[in-house]
Amino acid sequence: MKKLLFLAVFLLTAAVTYAGGYRVSLQGQRALAMGHTGVAVVNSAELGFFNPAGLVYLENKINISVGGFGVFSDVVYQNEQTGDFARTDSPVGTPLYLYASYKVTDWLTAGLSVYTPYGSTVTWEDDWAGSHLVNNIDLAAIYIQPLLSFKFNEYFSVGGGPIYVTGSVNFNRNLTRTLTDIDGNRSNVTIDASGVSNWGWSASAMFSPTDDLRIGFNYRSEIILEAKDGDADFENIPNSPLTPFEDTQFDAELPLPAELTVGLSYEFFDKWLFAFDYNMTFWSVYESLDINFANPNIPDSQNARMYEDSSIYRFGLQYEANNMFTLRAGYYFDESPVQEGYFAPETPRNDSNNFTGGLSVNVNEHFAIDASFLYSRFKEVDASYDFYFENGQAVPFSGTYKSSAFVPGIGITYKL
């Protein structure tokens, strides 16, 4: 009973993994339940994302983990000086994952991972106060990664493989703060591109100096998604030679930053496992969101971002209550990559505390049901975006943002 009480207290003082920028840290039920730790935890095929080097230490010949999440997010904006108020009505996000591994020999394991580490779905009410920056955005990126894991000995292994990414984006904003057609409808533009792809890679290592202690390292490379000849749809444009907007194509690029994770896990009192991960996301690659229109009469859109590299500190705990139930809890603190003056409402995320929990139900020796939840509480922030320009003049957009997210998830683990 004392152990269960300890786990409950840890759960109540822990937090969620929904990372800064447009990073979505939802890559496995077991890992998320432990604060999204996993670089040094060997308990399922989720290692295909967290540390492929550990796949070779899984006991079974075949391991499969598959699952998904429902993301319920809420953002509130208010300008206390003007009284403007807005709340997002974003659809439920559904990130998915699939991991599989096959032990070829005692020293070699092959695997396949499919996951969605980057994305953003934010829907504000049309024509809200910040509609000249964004009305709605839907960004998605799917990673597909074949893997190999090599064991040099019982203490050390390496792993990794190439990454293929395919992504899409749909983004709408008003052209200015006031421009309308003759009927008073706000002039706006929607850009849309899909099937945008590129390649990257990952490399990892795992060191197990004792039976109870593991140390992990994982690196995933930067990938730049370059959208070529996407569709730009202009609507409600005034019939005037001063507003030469018409449907055309556009080019743009969006960086998916590199990520480094190091950490450890330690088993104690036979049934307990503690894990700690440190993540560094190299967000400084995201300097500007620029949209270049094919029609030379339409001015290109340049939007400074100037993100900074940011850190995440993750803590997780696992308790094997009995042969059927394994309980987990976790917490992480996620630093925002956004600098002062660059807070744009398409990714309204500040520093956050995140609390997680979950369990596995071992139905039999081959099959288990995994469940998790995450609650993210973002620090309330008075912020502004100072780099929107009209007629050559900077027009800052500022206010108070309050955000939170709740993410339940469920999956299955199969081993043979």
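1. Start with Phe152, which you'll find in the loop between β6 and β7 (156-174). In this predicted model, Phe152 comes out at 57% relative accessibility, so the residue counts as exposed, the cut-off being over 50%.

2. Together with Trp107, Leu148, Phe150, Tyr155, Phe156, Phe207, Ile215, Leu264 and Tyr266, Phe152 makes up a nonpolar patch on the surface. The accessible area of these residues together is about 940 Å². If you want to trace where the patch comes from, look at β6 (136-151) and β12 (259-268), the elements that give two or more residues to it.

3. Now for the rings. Searching the whole structure turns up 32 aromatic pairs. One of them joins Phe69 and Tyr97, with centres 6.0 Å apart and 40° between the planes, which makes the pair tilted. Phe69 belongs to strand β1 (residues 62-69) and Tyr97 to strand β4 (residues 96-103), so this contact ties together parts that are 28 residues apart in sequence. Both Phe69 and Tyr97 are buried.

4. Phe69 and Tyr97 belong to a cluster linked by ring pairs, along with Tyr22, Phe49, Phe50, Tyr99, Tyr115, Tyr118, Tyr143, Trp283, Tyr286 and Tyr307.

5. Two arginines also deserve a look. Arg314 has its charged end over the ring of Tyr332, at 4.7 Å from the centre. Arg214, for its part, lies over the face of Tyr57, and here the distance to the ring centre is 5.3 Å.

Key: Residues are numbered from 1 along each chain as its sequence is written. This is a predicted model: local features need pLDDT of at least 70, side-chain atom pairs count only at pLDDT 80 or more; totals for chains, interfaces and linings use all residues. Side-chain values use heavy atoms; hydrogens and water are left out. Rings of Phe, Tyr and Trp (its six-membered ring) pair if their centres lie within 6.5 Å; planes under 30 degrees apart count as stacked, over 60 as edge-to-face and the rest as tilted. Helices (H or I, at least four residues) and strands (E, at least two) are DSSP runs, numbered from the N terminus. Buried means under 20% relative accessible area, exposed over 50%, partly exposed in between (1.4 Å probe, protein chains only). A charge sits over a ring if NZ of Lys or CZ of Arg is within 6 Å of the ring centre and within 35 degrees of the ring normal. Patches are made of residues with over 30% relative accessible area and no salt bridge: like charges are joined within 9 Å, nonpolar side chains (Val, Leu, Ile, Met, Phe, Trp, Tyr) within 5 Å. Accessible areas come from the Shrake-Rupley method with a 1.4 Å probe; for residues, only the protein chains shown count as cover. A salt bridge is a side-chain nitrogen of Lys or Arg within 4 Å of a carboxyl oxygen of Asp or Glu.
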